[in-house]
Amino acid sequence: MTNQIQKFVLGGAHLNCSVAEIREKLEHIRIFLFDWDGVFNKGEKYGDKGSPFAEADSMGTNLLRLGHWLRKDGQMPMAGILTGAVNQGAEYFAKRECMDVCLRGFNNKMDAWSLLLETFNIGPEEVAYVYDDVIDLPIAEACGLRICVRRTSSPAFEEYVIGQNLCDYITAHEGGAGAVRETCEFLLAVSGIYEEAVQVRMAYGETYRNYISMRKAIDTRVLLAEGVR
């Protein structure tokens, strides 16, 4: 374990498998899929206006995609948001960040899971999922890489997902308190690409402009649960 990765564990994160196993899983990932409420925020709702996000988490998702793009010789990874709510905030974020998909309104998230795999011709092992609660566990059981966002009020849930091997990593930070940024930086560190990704973004040179041009060309697809408008 490198000093960089050790800092995540010393900061309170939990590794439920080896770093080598996570690195191997990352090699097969084609899409980084994020739950919304409880991951990008604390899970609070504001009626039909949705729920908020932080710019630090936004930068994290961008650096994660950039790092993957650098490692894979210009192959852009897919990214998406999955929410059980009819959430305008989630859709806005997905479109603003030029993500490939926003799946919203799915009370049964396995319906969204099946639709995602079919629509994009993705295998279960090619999905990395960042989640926080019980409704997400069927996907965590099926996908390739599982990141659970910690909630200090749910120690029994944390013990359950560890014991049932439904997570590979549990964040030190909670949703709305930097959990997404932590996740993205951890995965970049595991890939050994963190410093390069930061330097490329900081320079804003030809390499980054090529990446951002490809990212901006993505047309976000909004996939709704049946009966949702």
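Start with helix α3, residues 55–71, and helix α9, residues 194–203: their axes come within 9 Å and cross at roughly 110°. That makes α3 roughly perpendicular to α9 (65 to 115 degrees). Axes here are lines fitted to C-alpha atoms, for helices over the stretch in contact, with angles from 0 to 180 degrees between N-to-C directions. Helices are DSSP runs of H or I, at least four residues, numbered from the N terminus. On the α3 side, the contact (heavy atoms within 4.5 Å) includes Met59, Leu63 and Gly67. On the α9 side, Glu196, Ala197, Val200 and Arg201 take part.

A word on the source. This is a predicted model, where local features need pLDDT of at least 70, side-chain atom pairs count only at pLDDT 80 or more, and totals for chains, interfaces and linings use all residues. Residues are numbered from 1 along each chain as its sequence is written, and side-chain values use heavy atoms, leaving out hydrogens and water.

Next, α10, residues 206–216. The axes of α3 and α10 come within 11 Å and cross at roughly 110°. So α3 is roughly perpendicular to α10. Trp69 of α3 and Tyr208 and Tyr211 of α10 are among the contact residues.

Stay with those tyrosines. Tyr208 and Tyr211 sit three residues apart in α10, about one turn of the helix.

Technical notes:
Helix = DSSP H or I, 4+ residues; strand = E, 2+ residues; numbered from the N terminus. Parallel < 35°, antiparallel > 145°, perpendicular 65-115°, else oblique.
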